[in-house]
Amino acid sequence: SSGGTVSSGGVLKTANHNYGASPIATTSGATVTAIDTTNAILAGVVAPASGNVLLRAYIVTGVAAAGGNFGFVLHGNTTYVGLVNATYPNANTSVVVTYETVVTGLTPGNSYQFDLAYSSGFSAASQLALINLSAMAA
């Protein structure tokens with residue numbers, strides 16, 4: 001982390017990416033893994049004076065089997081700072097996942113990178129078609 005301007009509110013960072021005809025595949029298995037450390041990230045999020053950041057994700061995804069978890073990790077870590085369970089009712093189904101969590105205890109003025117991550121207790125891989133991520137002062 002490095003120092004930066006402390007924001008007093010509002011949107012801190014956004015990221016949008018459309019994978020189009022080449023959706024990106026996540027890994028299968030229970031290990032929490034960052035999905036795409038180039039596009040599915042919120043980099044340079046400067047913690048506000050409160051030390052609290054609201055993270056939001058809107059994900060269009062599909063999977064060939066049931067179940068998977070999406071959430072955010074601090075860059076380089078494998079522990080979720082929040083977790084959502086995206087359940088797919090049928091094989092080969094597309095679904096929209098919306099998710100938000102408040103991360104607390106950040107050092108005001110420090111810069112953080114949050115990576116969108118995935119894990120599956122069902123050994124099921126997922127494919128992302130579209131992501132919209134945002135970080136807001138909380």
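The following legends describe close-up views of a predicted model.

**Figure 1. Overall fold of the predicted model.** The protein contains 10 strands and zero helices, and its elements follow the order β-β-β-β-β-β-β-β-β-β along the sequence. Of the 138 residues, 43% are buried. Among contacts between residues at least 6 apart in sequence, 82% connect residues at least 24 apart. The accessible surface amounts to about 6400 Å², and carbon and sulfur atoms account for 50% of that area.

**Figure 2. The largest nonpolar core.** This core comprises 26 residues. Leu 42, Phe 72, Phe 114 and Leu 116 have the most contacts inside it. At least two core residues come from each of strands S1 (11–18), S4 (41–46), S5 (53–63), S6 (69–74), S8 (93–103), S9 (111–119) and S10 (126–137).

**Figure 3. Surroundings of Leu 42.** Leu 42 is one of the residues with the most contacts inside the largest nonpolar core. With neighbours within four places in sequence set aside, Leu 42 touches Lys 13, Thr 14 and Ala 15, as well as Leu 55 and Phe 72. Its contacts also include Tyr 112, Gln 113 and Phe 114, together with Leu 133, Ser 134 and Ala 135.

**Figure 4. Strand S6 and its pairing with S9.** Five of the six residues of S6 have under 20% relative accessible area and are therefore buried, so the strand is largely enclosed by the rest of the structure. S6 pairs with S9 in the antiparallel sense, over six bridges. Within this pairing, Phe 72 has Leu 116 of S9 as its bridge partner. Phe 72 and Leu 116 are also among the residues with the most contacts inside the largest nonpolar core.

**Figure 5. Ser 134, a buried residue of strand S10.** Ser 134 lies in S10. Its relative accessibility is 12%, which is under the 20% limit, and Ser 134 is therefore classed as buried. Beyond its neighbours within four places in sequence, Ser 134 is in contact with Lys 13, Thr 14 and Leu 42, and likewise with Leu 54, Leu 55 and Arg 56.

**Figure 6. A nonpolar patch on the surface.** Tyr 58, Val 96 and Leu 130 make up this patch, and their accessible area together is about 230 Å². Leu 130 belongs to strand S10. Because its relative accessible area of 31% falls between 20% and 50%, Leu 130 is partly exposed. Ser 134, also located in S10, is by contrast buried.

How values were computed:
Residues are numbered from 1 along each chain as its sequence is written. This is a predicted model: local features need pLDDT of at least 70, side-chain atom pairs count only at pLDDT 80 or more; totals for chains, interfaces and linings use all residues. Side-chain values use heavy atoms; hydrogens and water are left out. A nonpolar core is a set of buried Ala, Val, Leu, Ile, Met, Phe, Trp, Tyr and Cys residues joined through side-chain atoms within 4.5 Å. Buried means under 20% relative accessible area, exposed over 50%, partly exposed in between (1.4 Å probe, protein chains only). Helices (H or I, at least four residues) and strands (E, at least two) are DSSP runs, numbered from the N terminus. Contact means heavy atoms within 4.5 Å. Two strands pair if DSSP finds at least two bridges between them. Accessible areas come from the Shrake-Rupley method with a 1.4 Å probe; for residues, only the protein chains shown count as cover. Patches are made of residues with over 30% relative accessible area and no salt bridge: like charges are joined within 9 Å, nonpolar side chains (Val, Leu, Ile, Met, Phe, Trp, Tyr) within 5 Å. A salt bridge is a side-chain nitrogen of Lys or Arg within 4 Å of a carboxyl oxygen of Asp or Glu.
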